[in-house]
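Hi,

Here is the structure I said I would pass on to you.

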Amino acid sequence: MYVKIFFWLKYKPKTKNQEAYMKYIITTDSNCDLPEAFYKDNNIPVLPICYYMDGVIYGKKNTLPLSEFYHRMRNGESAKTTAPNIVETKAFFEDCIKVCKNIVHIAFSSALSSTCQNAVIASKEIQDEYKDVKITVIDSLCSCMGEGMLLYKAVSNKNNGMSYDNLIEYLNNVKTHIIHLFTVDDLHYLHNGGRLSKSAAVLGSIINIKPILFVDNNGELKLADKVRGRKKSLLYLISKTISDISPHGKDIVMISHCDCEEDAMYIYSHLKENIDIKEIMVNQIGPTIGSHSGPGTLAVYYESAKRE
């Protein structure tokens, strides 16, 4: 049983901003990988992204502890994710508009999943049927806690009184400043997901190659570098974050991992020691990405200059 360690601000709307606060709500999908308490504390409806494992579907009412999920993966089981379809997404929005008719929905990168496109279609259908409803779907161009960081910043600005239109403009600007850097421990998961040839996976494993990957300006996964050995891959993430983070990015850094908490805390301690960061959040990577990257995946997210 792992111990989750998170650090976050609890947002409460100021009295003078209460009217602006209630004019719209923010929604998202479960790819964000933020702690459940964050969604609950900030009243964020979450659209579940489901997955299959050994013929059983998980992600809605049927859940699987992440420790068990990764244990089963380490023992040879595989998982297959499935994006929420248009009907499911429409039903989600219909429930949300019972609470508030104006919605900002932050979606998983359209380059990595059909989740965003389905949300766009569902939102248009809803708005065609209900003329007083306004739903804006933000293609986050982000994954995992990168999307979570965009949500975090959205909640912060909303709670400080930012208007609906200004928040849309802000999110569409800042989303390409959220840097994702990550490494995987077992190349065979990338091969199984179609992102690496079998020969490259076998050879890379033999010589202990650890790829450093990132999410580019189009929301796609790209190779940044390759190093030999797990320790060097962790030091790469630490060094790059320290040198690249912007002054605006020092409000929060996020670290996520697939069942390798010790390595995540190694990065946490080095960043805490070397950067004056207001908040650091550490949490597990969920099945949406963990299914494809495998146990041992480790990622850092921060705000910097625009991605490549």
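This is a predicted model: local features need pLDDT of at least 70, side-chain atom pairs count only at pLDDT 80 or more; totals for chains, interfaces and linings use all residues.

Two packed helices are described by the angle between their axes and the distance between the axes. For helix α4 (residues 86-96) and helix α5 (residues 115-129), the angle is about 50° and the axes are 8 Å apart. The two helices α4 and α5 are therefore oblique to each other, and their crossing is right-handed. On the α4 side, the contact is made by I86, T89, K90, F93 and E94. On the α5 side, N118, A119, I121, A122, S123, E125, I126 and E129 take part. Sorted by class, the contact between α4 and α5 holds 6 nonpolar, 3 polar and 4 charged residues.

**Strand β6 and its neighbours**

Is strand β6 (residues 102-107) largely enclosed or open? It is largely enclosed by the rest of the structure, because 5 of its 6 residues are buried. Strand β6 pairs with strand β1 (residues 25-29) in the parallel sense, over 4 bridges, and here T28 stands opposite I106 of β6. Strand β6 also pairs with strand β7 (residues 134-139), again in the parallel sense, over 6 bridges. In that pairing, V104 stands opposite T136 of β7.

H105 has a relative accessible area of 0%, so it counts as buried. What does H105 touch, leaving aside residues up to four places away in sequence? The list is T27, T28, D29, F92, F93, A119, T136, V137 and I138. Two of these names came up above: F93 and A119 are also among the residues that make the contact between α4 and α5.

**The sheet of 6 strands**

Further along there is an open sheet of 6 strands, in the order β10-β9-β8-β13-β11-β12, and its pairing is mixed. Strands β10 (221-228) and β12 (279-284) are the edge strands, each pairing on one side only. On average, and with direction ignored, neighbouring strands of this sheet are turned by 20° against each other.

Strands of a sheet pair through backbone hydrogen bonds, either parallel or antiparallel. Strand β11 (residues 252-257) pairs with strand β13 (residues 298-303) in the antiparallel sense over 4 bridges, with Y301 of β13 as the bridge partner of M254. Strand β11 pairs with β12 in the parallel sense, over 6 bridges, and the bridge partner of S256 in β12 is N283.

Helix α11 (residues 261-274) lies across β11, β12 and β13, and runs at about 160° to β11.

Best wishes

Terms used. Residues are numbered from 1 along each chain as its sequence is written. Side-chain values use heavy atoms; hydrogens and water are left out. Axes are lines fitted to C-alpha atoms, for helices over the stretch in contact, and angles run from 0 to 180 degrees between N-to-C directions. Angles under 35 degrees count as roughly parallel, over 145 as roughly antiparallel, 65 to 115 as roughly perpendicular and the rest as oblique. A crossing is left-handed if the near helix is turned anticlockwise from the far one by less than a right angle, and right-handed if clockwise. Contact means heavy atoms within 4.5 Å. Ala, Val, Leu, Ile, Met, Phe, Trp, Tyr, Cys and Pro count as nonpolar, Asp, Glu, Lys and Arg as charged, and the others, Gly among them, as polar. Buried means under 20% relative accessible area, exposed over 50%, partly exposed in between (1.4 Å probe, protein chains only). Two strands pair if DSSP finds at least two bridges between them.
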